Amino acid sequence: MSAYKWKSFEENEDRPIKPRLYGVTEMRSPHYNLFTPNVLQDIFESMGEYVDGLKFCGGSHSLMPKTCIKEVIDMAHQHDVYVSTGDWAEHMIRKGPSGFKDYVEECKEMGFDTIELNVGSLGSPEEILLRFIRLVKSGGMKAKPHFEVKFNKSDVPSGGGDRAYGAYIPPAPRSFELVEDVDLLIRRAERCLEAGADMIMIDADDVCKHADNMRADIIAKIIGRLGIEKTMFEASNQRTSEWFIKQYGPKVNLFIDHSDVVDVECLRGRNLGRNHASVLGSSYFMF
């Protein structure tokens, strides 16, 4: 088996060195996998050149000692990796009017660079969301609102199943709710950017699962309106990452698991038009 050779950063104009404004790779940690500082150190030393950001998912930082959090954040900064909070702000606003402001101040004291605001979990009116963004920016950190694309299952083509060849299948009624939701999402995201948000995180996993046969226009619509440099997509698996890079090239911003970092970078460097299994084979060969 021969290893693929992908372009270096200098050879590929679409892949600048860190700090990058596009083609950003944000890594998940330590929600689904329990990471120790030693494990993170190994990841940063071996793959740090390919990692732009580290995100504490699911409020995991709330369960860790502050000394451990600070150690992880300092380690990330040593490798030019920014650190983002996860979906946790909604728990802080329940503490009262000053709850979110106290949360911002604590995150700044701990050394976080970015605060993520899950719009769905917050459930706040738009004006309150915009005020939260301004509070984050006034604290000297970056704001990253998180939106979820609601996918209507009635719009997914039904599988063939055991039906006889040529059998008639009544068309399923289509709903226009999905398109309206996407348009509303884009309008709200645009207002967030106007208020100072630095990046818009999009959780569109359901859409991506069906991207090969329909609704890829949803992603195109979001990128077309918000801009590829201002959007980041959550890619829950390697196939989803490959789809985004094939469609939009190495400039697309992705939030991925730590186990996918090398394979995603390989795809970015070469933009291989092949099944992701070929990339897996090449990365294993190299290591």
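Ile-202 stands opposite Phe-233 in β7, and Phe-147 stands opposite Ile-202 in β6. These positions belong to a predicted model, in which local features need a pLDDT of at least 70, side-chain atom pairs count only at pLDDT 80 or more, and totals for chains, interfaces and linings use all residues. Residues are numbered from 1 along each chain as its sequence is written, and side-chain values use heavy atoms, with hydrogens and water left out.

Strand β6 (residues 200-203) pairs in the parallel sense with strand β5 (residues 142-148) over 3 bridges. Strand β7 (residues 231-234) also pairs with β6 in the parallel sense, over 3 bridges. Two strands pair if DSSP finds at least two bridges between them; helices (H or I, at least four residues) and strands (E, at least two) are DSSP runs, numbered from the N terminus.

His-258 lies in the loop between β8 (253-257) and α11 (261-270). This residue counts as buried because its relative accessibility is 18%, where buried means under 20% relative accessible area, exposed over 50%, and partly exposed in between (1.4 Å probe, protein chains only). His-258 and Leu-40 are 218 residues apart in sequence, yet their C-alpha atoms are 9.6 Å apart in space.

The protein chain averages a pLDDT of 78, and 69% of the residues score at least 70; pLDDT is the predictor's confidence in each residue, from 0 to 100. Among the elements of the chain, strand β3 (residues 82-84) has the highest mean pLDDT (96) and helix α12 (residues 276-286) the lowest (44). Over residues 272-287 the pLDDT is below 50, and this stretch has 32 contacts in the model beyond near neighbours in sequence, a contact being heavy atoms within 4.5 Å.
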